Amino acid sequence: MLKVDKISKAFCGREIFNDVSFTVDMGTRIGLFGPSGCGKTTILRIIAGLEKADGGEIIIDDVVMKDTMAPYERNASMVFQDPTLWNHMKVKDNIAYGMSVNDREYVNDLALRLGIEDILDKFPEQISGGQAKRVALARALAADKKYILLDEPLSNIDEETKVKILDFLKNEKLTGKGLIYVSHSEAELKALGCDILRL
Amino acid sequence: MWKSKKLLIFPAIYLLMLYLPILGAGDHVNMTDLSFNLRHVGLLANSMKLALLSAVIATALGFFAALYIKTGFMADKWYRYFFILFLPIPFYTYALSWIYFIRMFSIPFPALLKYSLKGFGACLYVEVLEYFPLALLLALIGMESISASDIEAASVYKRLVIVVRDIVLKEIAPYLYAATGLIVILSVTDFSVPSMFQYNTYTLDLFSVYGRTGNVTLVCLKTLPVILLMLVPLSWLLGGMRKFGTVKSGRLKMGIHLNGWMRVVSGLAFAVCIIQILIPVITFIVTTGSVRVFADAFSSVKEELLVSITVSLLAAIFGTIIAFFPAVMIADSDNGVLGTVSMLPVAIPGAIGAMGLLKVVNRSFLHVLGDSVILSAIGCGIKIAPFMVLIICIYRRYTDRHLTEIAWILADKRKKAFLMECRLILPGLMIAFMLAFFMTYAEEGIMLVLMAPGLEAITVKIYNYLHYGASEYVSAFCLISVGVIAVIELTTLAIYRLIVVGMRK
């Protein structure tokens with residue numbers, strides 16, 4: 001279980017959020033919903049260990065995450081708003097980066113389900129923005145991590161790709177994984193069957 | 001790299017290496033020797049006048065030349081960086097080429113001889129040409145971070161001059177600040193050009209103080225006014241670096257067409273690009289005179305070349321090892337203190353730091369290092385490390401932060417994420433490595449002080465021959481140096497394309 005316990009954050013003296021708490025169990029989906037600037041992305045960054053909270057705790061599988069713990073020790077993978085793929089690595093190597101054992105079969109299967117099987121041997125500079133988003137999603141799912149943090153994965157892409165990714169996420173079983181999904185769109189969160197938390 | 005307190009050991013080692021030669025010399029200092037009078041004020045003013053003017057002219061030329069390149073047919077060609085070829089050429093090479101150039105033209109035009117080859121003007125000319133490639137490099141990198149569509153959008157509403165002023169100039173201002181700051185620092189701390197053209201500066205005076213007293217601690221203390229003055233260009237440099245953007249996607253060619261006075265000025269600046277390469281090459285070819293002299297010079301300089309290349313390689317490796325972690329930490333932190341402390345020793349002339357290092361080493365079991373080229377390499381590495389910190393730091397800031405963050409999130413081991421970080425700043429590491437290599441290759445003072453008995457660097461050989469008056473051999477040595485540097489630069493470029501670009505194909 002991932003537990004966010006009364007975390008708060010302020011930037012330059014301005015409070016962004018205060019006393020935010022929620023829990024994510026295996027196989028469940030939480031949707032963080034709210035206007036721009038309400039701190040949705042910051043919450044994900046705090047869970048991932050990229051930023052410190054001013055107060056409160058993050059507890060993953062009964063272990064309190066200390067500020068000194070590096071992000072790779074936190075058992076969470078993430079998709080940023082931009083795909084942020086490594087240009088020097090092929091698509092298939094990008095996807096397999098977070099796997100402790102490079103399971104090519106699993107990568108191929110994931111790519112097939114996301115419709116990116118044809119671009120596995122290409123470099124990120126050679127693929128479209130929509131394909132890059134799906135590669136970033138595949139990379140987060142393939143990683144040996146229990147919790148997946150998705151920061152507006154459907155922003156800035158065409159409708160067709162949006163539908164493909166939404167269908168994929170709706171049908172994905174997420175066995176043994178928990179998902180936190182950040183979005184501006186309540187409809188998107190409802191379509192995915194998320195428990196919605198308004199900020 | 002993830003924030004771990006254990007990693008603080010690396011900047012501590014870096015600072016120790018940087019400050020030990022200065023603080024560890026342990027010479028006794030009389031307070032009366034530390035007097036600072038009107039003469040010193042005048043010398044400092046001379047230093048600053050030369051440094052500021054060189055910096056402003058070189059940066060302006062760099063900006064306009066970069067504008068010419070980025071709006072023309074070379075904008076997206078790999079050879080757009082060809083004009084920084086002479087960046088690693090030693091100061092005195094330009095100085096000598098200037099002297100020989102005037103001497104050559106004084107044969108058909110004897111009237112030229114009345115123009116003395118000394119003083120402020122000659123120093124300014126040489127320094128502007130010396131630092132111009134550096135300003136060009138930073139301006140080019142800056143212009144590549146501007147989105148072509150930003151410029152095109154602005155040019156729909158405003159005329160060219162306003163677009164260049166409001167978009168191009170404002171976007172690359174941090175790079176221009178950094179270039180100006182760096183050139184001021186390099187100029188103020190250099191003594192070779194002022195000594196060659198007999199122009200009195202504060203740094204030159206420090207050498208005479210050392211010559212009189214042999215007191216390293218005294219000379220280091222006397223650099224304090226320079227260090228205080230350096231805080232201003234350092235703040236430009238570090239402030240500029242903090243605002244460097246990441247590469248934006250888009251076309252490499254700017255979506256504007258130069259016209260009117262801007263085309264003329266940019267064209268002239270671009271002509272300087274050509275001149276700064278052609279003048280030294282032509283004058284050295286002419287002054288060398290014959291193939292026989294060149295062949296003689298080459299066969300007599302093989303061993304020195306080998307020594308210079310070996311020391312340069314070792315210094316670059318040593319510099320990379322001590323500069324890497326502090327550079328990454330400075331880049332990741334918004335606190336300017338570590339950056340400032342890491343850069344301040346650049347104000348101390350290299351040869352003085354080398355004297356301090358020699359004293360420290362000779363008092364310990366490490367004195368055996370003096371029997372090989374290792375001590376010279378360490379001395380040069382210490383001098384050049386702050387510049388390497390700077391380059392790595394710039395590249396780190398230039399790299400999209402999210403790319404390293406996602407590696408730290410997804411990796412299963414610290415080593416894996418760390419290797420990804422190294423890979424992401426590999427081009428910056430390679431540039432810093434090559435800068436260290438070339439700066440060491442061009443170093444004269446430290447080589448003179450720390451070189452093992454029986455060995456000599458090429459720069460020292462040129463210096464010696466210069467004093468014998470053998471100008472044809474000096475020219476041939478300079479020409480050989482330029483050739484060696486060009487070959488190494490092209491080889492590095494080929495390796496870079498093979499490793500960094502080739503991997504994508």
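The legends below describe close-up views of a predicted model.

**View 1. The interface between chain A and chain B.** In this view, 28 residues of chain A are in contact with 23 residues of chain B. Together the two chains bury about 2400 Å², and 63% of that area is on carbon and sulfur atoms. Tyr72(A), His88(A) and Tyr97(A) supply 31% of the area that chain A buries against chain B, more than any other three residues.

**View 2. Polar and charged pairs between chain A and chain B.** One salt bridge is counted between the two chains. Its partners are the side chains of Arg45(A) and Glu405(B), at 2.7 Å from N to O. Six residue pairs are in polar contact between chain A and chain B, with both residues at pLDDT 80 or more. On chain A, the elements that give two or more residues to the side touching chain B are helix H1 (40-48), strand E6 (76-79) and helix H4 (129-142). E6(A) gives the most, with three residues. By class, this side of chain A has 17 nonpolar, seven polar and four charged residues.

**View 3. Helix H1 of chain A.** H1(A) is mostly covered, with eight of its nine residues buried. Among the buried residues are Lys40(A), Ile43(A) and Arg45(A).

View 4. Ser155(A) lies in the loop between strand E7 (147-151) and helix H5 (159-171) of chain A. Ser155(A) counts as buried because its relative accessibility is 16%, and buried means under 20%. Leaving out residues up to four places away in sequence, Ser155(A) touches Gln81(A) and Lys133(A).

**View 5. The two domains of chain B.** Chain B is divided into domain 1 (1-32 + 289-505) and domain 2 (36-287). Their C-alpha centres lie 21 Å apart. The contact takes 49 residues from domain 1 and 53 residues from domain 2. The two domains of chain B bury about 4400 Å² between them, 77% of it on carbon and sulfur atoms. Ile352(B), Arg397(B) and Tyr398(B) supply 15% of the area that domain 1 buries against domain 2, more than any other three residues.

**View 6. The domain 1 side of the domain interface in chain B.** Across this interface there are zero salt bridges, and five residue pairs are in polar contact, both residues at pLDDT 80 or more. Several helices of chain B give two or more residues to the domain 1 side, including H1 (9-23), H15 (350-362) and H16 (374-398). H22(B) gives the most, with twelve residues. By class, the domain 1 side has 29 nonpolar, eleven polar and nine charged residues.

How values were computed
Residues are numbered from 1 along each chain as its sequence is written. Chains are lettered from A and ligands numbered from 1 in the order in which they are written. This is a predicted model: local features need pLDDT of at least 70, side-chain atom pairs count only at pLDDT 80 or more; totals for chains, interfaces and linings use all residues. Side-chain values use heavy atoms; hydrogens and water are left out. Contact means heavy atoms within 4.5 Å. Buried area is the accessible area (1.4 Å probe) that two parts lose on being put together, summed over both. A salt bridge is a side-chain nitrogen of Lys or Arg within 4 Å of a carboxyl oxygen of Asp or Glu. A polar contact is a pair of N or O atoms within 3.5 Å; within protein, one must be able to donate a hydrogen and the other to accept it, and residues adjacent in sequence count only if both atoms are side-chain atoms. Helices (H or I, at least four residues) and strands (E, at least two) are DSSP runs, numbered from the N terminus. Ala, Val, Leu, Ile, Met, Phe, Trp, Tyr, Cys and Pro count as nonpolar, Asp, Glu, Lys and Arg as charged, and the others, Gly among them, as polar. Buried means under 20% relative accessible area, exposed over 50%, partly exposed in between (1.4 Å probe, protein chains only). Domain bounds come from an automatic or database domain assignment.
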